[in-house]
Amino acid sequence: MILRNLSLFSLCLLMACTKSEKETTTEFELQFTQSWNGTPISSESLNSFQFQNEAGEKLSIERLRYLLSNIHLQLSNGTEIPLKAFHLVNLQKEESLKTNLTTFVTSKDIEAVSLLFGFDNEANQDGIYPDLNAVSWNVPKMLGGGYHFMQLDGKFENNAGELAPYNFHAIRAVDKSDPENLKFEDSFFEMEQSIESTTSRIRITIDMDISEWFVNPHLWYLESDATSLMPNFEAQKRIAANGKSVFSIQIESY
Amino acid sequence: MRYRVFILLLIGFLTACKKDDPGMVQGPTPYALEIPSLFSEKLITPVLPTNNPLTEEGVALGEKLFFDKRLSLDGNISCASCHLPQQAFSDRRAVSLGIRGQEGERNAMPIFNLAWNYDDRFNWDGKALSLEAQAFRPVTHPKEMGNTWVNVARTLQEDTVYPNLFEQAFGTYKIDSVVITKALAQFERTLISAQAPFDQFLLGQRNLTPRQENGLAIFMDEDRGDCFHCHGSENNPLWTDNDFHNNGLDTDFADLGLGAITGDPADNGKFRTPSLRNLTRTAPYMHDGRFQTLEEVVNHYSEGLNPSATIDPLMKKVNQGGVQLTAQDKADLIAFLRSLSDPNFGQGIGPGD
């Protein structure tokens, strides 16, 4: 009899715990999608000349990696809850296109999700992230060190009708005209999306419209600026400016 | 009464299982992999499969097997015949010689720091999806060891020493391809190279020469060498991204490389980036050993690139033939590359050591 009572008590305790945990946690599925002018693209879209930028240049995409950081929630009480310090998206690695996270807050307390493209200056310290070092994501010290924000590589048809490479790489903008006195300009930027959900499972889809890197506000001609963009201070500032319209965030309960 | 008997039995059972019982069978001794400080500081932990943990007995057995010519059909070729310790576990030939003097298909890749190949794809073309899988193929390849696994297992089983060594390493006297390749992979994972002059520079133990300094600057400069995108930096002391690239060797491909494995034409002509460590001992270079010297390699990237549909966009000046380095820059770049060679790597490894 005592044993039976003990079992019932344990069962109740377990059920209470389960219920309580469900009420105080929210599960997030972060999806990282890519598109070109609204048409979804995937790793199967790589290597073919199926894209045309606003300047009329036909191009292929052969590699796309980009870094998002400081992914966090803003709560209605004004506090911020970190979800993930950084995430490297690699179009060729399926496992990088989705990540699941759990946080110990109820969804009704969440007001918004925020994140950065690239690293802010505090996080962008040289060589401190072993998992990013391991995939050669570093920026040379002569350019200030730290890490890439994006590598978008491929080929385009140039004015001579040849296939020419492009390396649309984003980093912290640096003016190295005086190598002993590097001057920087911030090129990371923030994205934010409000969340109105009362369910405990939320899917956040962060889409990159790649075509937007080449337009708005700066119409981009690969013919003029295709390679060696990392040490190009003006090009980095224009990349950052164009990036502001690249990302869109959708929230859905599931 | 029944409870008392049960408790006594339980105590008896637990006591019998105590670790220090001399009657209990002890497993192999875990191998303490010495990870260089630069690696532990800059890189994530190495790939050590849970189904093949490093043990003292397994590593020692793998080393013995690595140098054992009885793995080949005619008893003349061991792993070390093409992967010589003094050559950073590669050899001096463009393509290695297998049994009956047959030429192989590709240049023998050096063997070091392979536990840090995070994608776990080996060989020039990425065909082997683990180090164990990599060790599997040469034994039966007709141009390499030309043997059968049944024959190898029988030969080693009949040996007076090997069965006991396998029992000590893997708890079985029965020898087969699985335990043989596991032992070889364990040994290979312990081959670590991180004592090059440039490592000593990073550790504050020496300075670079002005030429080496300039060479490093060229290596890291996107406007000049731009080597770092594929070959890493002081923050990636492997000096390879272990990824696959077409580096502009050919316009038409006699060897499809990764493309032959994936079946994707976009992968044709792509090969795994080799590490730049120990270049002074790994000539000739490239998957087919076409370049005899570092000067030839640098000349290739400077003015010898060949266009193709799959050439990596990082070969950004392909339409000008390459990055167009000056003679001085080429010499300085090579001076830097030589500083990545570890003069002592490979010493003390092999039979009798």
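Two residues are taken to be in contact if their C-beta atoms, placed from the backbone, lie within 7 Å. Among contacts in chain A between residues at least 6 apart in sequence, 71% join residues at least 24 apart. In chain B, residues 24 or more positions apart account for 66% of the contacts with a separation of 6 or more.

The model is predicted: local features need pLDDT of at least 70, side-chain atom pairs count only at pLDDT 80 or more, and totals for chains, interfaces and linings use all residues. Residues are numbered from 1 along each chain as its sequence is written, while chains are lettered from A and ligands numbered from 1 in the order in which they are written. The scores are ipTM 0.89 and pTM 0.90. Per-residue confidence is given as pLDDT, which runs from 0 to 100. Chain B has a mean pLDDT of 93, with 92% of its residues at 70 or more. Residues 5-23 of chain B fall below 50, and this stretch has 1 contact in the model beyond near neighbours in sequence.

Secondary structure was assigned from DSSP runs numbered from the N terminus (helices, H or I, at least four residues; strands, E, at least two). Chain A comes to 3 helices and 15 strands. Chain B has 14 helices and 2 strands. Along the principal axes, the C-alpha atoms of chain A fill a box of roughly 90 × 45 × 30 Å. The C-alpha trace of chain B spans about 90 × 50 × 40 Å.

Burial was assigned by counting other C-beta atoms, placed from the backbone, within 10 Å of a residue's own (buried, 20 or more; exposed, 12 or fewer; partly exposed, in between). Of the 254 residues in chain A, 35% are buried. For the 353 residues of chain B, the figure is 45%.

The two chains meet in a contact that takes 26 residues from chain A and 23 residues from chain B. On the chain A side, the elements giving two or more residues are helix H2 (130-133), strand S9 (150-157) and strand S10 (163-170). S10(A) supplies the largest share, 4 residues. Residue classes were set as nonpolar (Ala, Val, Leu, Ile, Met, Phe, Trp, Tyr, Cys and Pro), charged (Asp, Glu, Lys and Arg) and polar (the others, Gly among them). By these classes, the side of chain A that touches chain B has 11 nonpolar, 9 polar and 6 charged residues.

The buried residues of H3(A) are A:Ala235, A:Gln236, A:Arg238, A:Ile239, A:Ala240 and A:Gly243.

Elsewhere in chain A, A:Leu101 sits in strand S7 (98-103). A:Leu101 counts as partly exposed because it has 16 C-beta neighbours inside 10 Å. Beyond its neighbours within four places in sequence, A:Leu101 contacts A:Phe28, A:Leu30, A:Leu83 and A:Lys84. Its C-alpha atom is separated by 36 Å from that of A:His218, 117 residues apart along the chain.

Chain B is divided into domain 1 (37-189) and domain 2 (197-338); the bounds come from an automatic or database domain assignment. The C-alpha centres of these domains lie 27 Å apart. Their contact takes 24 residues from domain 1 and 27 residues from domain 2. The domain 1 side divides into 11 nonpolar, 6 polar and 7 charged residues.

Helix H3 (56-66) and helix H7 (162-170) of chain B pack at an angle of about 140°, with their axes 7 Å apart. Axes are lines fitted to C-alpha atoms over the stretch in contact, and angles run from 0 to 180 degrees between N-to-C directions. B:Glu57, B:Gly58 and B:Leu61 in H3(B) meet B:Leu165, B:Phe166, B:Gln168 and B:Ala169 in H7(B). This contact has 4 nonpolar, 2 polar and 1 charged residues.

Backbone exceptions occur in both chains. Most residues other than glycine have a negative phi, and most peptide bonds are trans. A cis peptide bond joins A:Asn216 and A:Pro217, with omega about 0°. A:Asn216 has a positive phi, near 65°, and lies in the loop between S14 and H3 of chain A. Another cis peptide bond joins B:Ala283 and B:Pro284, with omega about -5°. B:Asp226 has a phi near 50°. B:Asp226 is buried because 24 C-beta neighbours lie inside 10 Å.

Key:
pLDDT is the predictor's confidence in each residue, from 0 to 100.
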